[in-house]
Each structure stands twice: as structure tokens, then as C-alpha cells.
Amino acid sequence: MSKTKTKDTTSNNRSAIVMGATSGIGYEVAKILARRGWSVGVAGRREEILAQMVHDTEGIIAYETIDVTTPQAVDGLHRLIDKMGGMDMYFHSSGIGFHNMELDADKELRTIETNCLGMARLVGEAFRHFEQHPETEGQIAVISSVARTKGLGAAPAYSASKRFTSHYLESLCQLTSIKGIRNIRISDIRPGFVRTPLIEGSNFPMQLDVSKVANSIVDGLERHKPVITINWIYRLIVFFWRMVPRCVWTRMRIS
């Protein structure tokens, strides 16, 4: 049975739910938010890690075991919101990826199911929650990637899923304008190669420390930045990637 701590009900207290909190960026962001005074609810597939986070970290007050690839994930999100007594930020860090030059169909489809379908399922539900609670200044933040910039032949489904994520978030931003919604802010977070279990054992260059990346992400979120690219080196890389014509890019051996 999940454990729930008592939430601080002072007026300055803010509540965040971190989806995909059992490892990597989500794990670090949850801990940093808690240290900065947020009440944090964590979700993911590995219950033992979630329960330990609640036990060990002041400010992480509730958890829910959720697999974003299942329709039941929406019910799990609402249970966690109820445990938290509300939600001011939804942070989505649940994603997978593979170096898959063999185009193993299972890996490609699992990536799409998690990064596209699961993301849209939960982010869409968070959007509806904030829309139905106009008294809340809601924030939705999602990890995409600099991999969204160009199609990567070594990881086709992964780079395509990150383009999908980024365009989905841009569409939601426009949707708030179409509907006249004023209480929802959306942040597209675009890290480069971060030293997490997702790329463990790889030879990717310029790998960033996950704790430093998470701190930069939370800094950006607290300033309500709509796009957060980590760090200046990757901002420069993305700038030049965009300038490469498609006919040239597809001939480049990037693996």
C-alpha cells in the first residue's frame, strides 16, 4: 500500500507531480523540487523506488505506480492528484529510447508507445485537469530532446518521437490561445546527451551530469520558460544542425 505524508497547506506551497520519477532526469527533478519547497508526488513503474523516495525525502509526500502505456494510467494520475490535494505542475519525464540501426520492430514500437502514445495520454489529461480548474495556475513540462531537431538514423523511432513530443506541446500552446485559456503554461525541455540509464554504456559525446541538468531544468521552470535547451553547447549545436540541408544531412554518418 502506498504511503502518503501530510501536505503543507500554507498558501505558498506548490504541488508538482513527476511522471517517470524512478530514474534519470525525473528522479533528480523530483528531489530538487522537494528541496525548493514544493510538495511532490512521484509516479512510475517501480513501486519500491517510489516508496523509498517518499520515505527518504522530505517534500516528496505521495506516490502512485503508473505505466503510461496503459489506459489505466489516467486513473492513476487522478488518484495521485487526489492524494496531493491538487496539482500546480505536471512534469512528464517518462520515456525510453534505443540505438536501433537494425530497426528491431519491438524496440521501435515500444519507443513510440511510450514516448508518443503514453505522453499524449498523460499530458492531455493534465491539460484537461488544469482547464477544468481555472483557479489554478497550472504548468505542464515535458522532456523532449535536442534529438527532435533532425532525424537520427541510429535511433529512428526515438528522434521521431521527440519531434512528435515537441510539436504536440507547440500545438497545446496554440490550443490555449484558441480556447482563451489563461491558466496553463507549457514548457518544452530539450536536453542533450545526459548521463542517465537511458544511454548507459553508450559512447555518445558531451554527456552532461544529470544533477546539473535537473537543476537547470527546475531553474527554467520556476522562471516559466516555454523552451528550455540544456546547455549553451547544445543550443549552438542545434543552431547549426538546423542549417544543414536535408540532402546533406541524410548523407552524414552520425551513429
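Me: How many bridges join β4 to β5, and do they run parallel or antiparallel?

Reply: This is a predicted model, where local features need pLDDT of at least 70, side-chain atom pairs count only at pLDDT 80 or more, and totals for chains, interfaces and linings use all residues. Residues are numbered from 1 along each chain as its sequence is written, and side-chain values use heavy atoms, leaving out hydrogens and water. Strands (E, at least two residues) and helices (H or I, at least four) are DSSP runs, numbered from the N terminus. Two strands pair if DSSP finds at least two bridges between them. Here β4 and β5 run parallel, joined by 4 bridges. F91 has A141 of β5 as its bridge partner.

Me: Which way does the chain cross from β4 to β5?

Reply: Point the strands away from you; a clockwise path from the first strand over the helix to the second is right-handed. The β-α-β crossover from β4 through α4 to β5 is right-handed.

Me: What pairs with β5 through 6 bridges?

Reply: Strand β6 (residues 184–191), in the parallel sense. A141 has S187 as its bridge partner in β6. From β5 the chain passes through helix α5 (residues 156–179) to β6, again as a right-handed β-α-β crossover.

Me: Are the faces of β5 covered or open?

Reply: Buried means under 20% relative accessible area, exposed over 50%, partly exposed in between (1.4 Å probe, protein chains only). In β5 (residues 138–143), 6 of 6 residues are buried. G138, I140 and V142 cover one side; Q139, A141 and I143 the other.

Me: Why does I96 count as buried?

Reply: Because its relative accessibility is 18%. I96 lies in the loop between β4 (89–92) and α4 (105–131).
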